Amino acid sequence: MADTQQVDPKAERKAARLAQQISSFSKAHGGAEGQVAYLGERGARIVLVGEDGNWGDLVAPSYEIAEKAVEKSGITRHESFDGEFAAKVKTGRYEWSRMAGIQVGGPKND
């Protein structure tokens, strides 16, 4: 019996566009790894970490589209943002001051 699973062309196009963005990030940063996190009704977040330590993220309209995009891009996918994966992220002064600002009531205007 033939596979009758229907393919949503709009979802396929969105996954292809996200995969292209992921591939571009990977190429610009010497390779990349990623993790997909469910955001509820908003969809899913694709967190990318380049081999050079730079990071970025994309939001997909669904978890399934995010998974398909990561698969199409060919990057390594992690199941969680664990310590080993998170340790690859390089943070600069901006990130540290922003994180500290959030912890103590928001950024200060110096």
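Helices (H or I, at least four residues) and strands (E, at least two) are DSSP runs, numbered from the N terminus. Buried denotes under 20% relative accessible area, exposed over 50%, and partly exposed the range in between, for a 1.4 Å probe and protein chains only. The model is predicted, with local features requiring pLDDT of at least 70 and side-chain atom pairs counting only at pLDDT 80 or more, whereas totals for chains, interfaces and linings use all residues. Residues are numbered from 1 along each chain as its sequence is written, and side-chain values use heavy atoms, with hydrogens and water left out.

**The sheet**

Four strands make up an open sheet of mixed pairing, in the order β3-β2-β1-β4; two strands pair if DSSP finds at least two bridges between them. Strands β3 and β4 (76–78) stand at the edges with a single partner strand each, so one side of each lacks a neighbour in the sheet. From one strand to the next the twist averages 25°. Axes here are lines fitted to C-alpha atoms, for helices over the stretch in contact, and angles run from 0 to 180 degrees between N-to-C directions.

Strand β2 (residues 44–50) runs antiparallel to β3, to which six bridges join it; Ile 46 has Leu 58 as its bridge partner in β3. The two strands form a hairpin with four residues between them, and Gly 53 in the turn has a positive phi of about 95°. Strand β1 (residues 32–38) is parallel to β4, with three bridges between them, and Gly 34 stands opposite Arg 77 in β4. In β3 (residues 55–60), Gly 56, Leu 58 and Ala 60 form the covered face, while Trp 55, Asp 57 and Val 59 form the uncovered one.

**Helices and phenylalanines**

Helix α1 lies across β1, β2 and β3, at about 180° to β3. Helix α2 (residues 63–73) packs on the sheet, touching β1, β2, β3 and β4, and its direction makes about 170° with that of β1.

Phe 25 belongs to α1 (residues 9–28). Beyond neighbours within four places in sequence, its contacts (heavy atoms within 4.5 Å) include Leu 48, Trp 55 and Gly 56. The C-alpha atoms of Phe 25 and Gly 56 are separated by 8.3 Å.

| Residue | Relative accessible area | Class |
|---|---|---|
| Phe 25 | 14% | buried |
| Phe 81 | 38% | partly exposed |
| Phe 85 | 1% | buried |

Rings of Phe, Tyr and Trp (its six-membered ring) pair if their centres lie within 6.5 Å; planes under 30 degrees apart count as stacked, over 60 as edge-to-face and the rest as tilted. This rule gives one aromatic pair. The ring centres of Phe 81 and Phe 85 are 5.0 Å apart and their planes at 70°, so the pair is edge-to-face.
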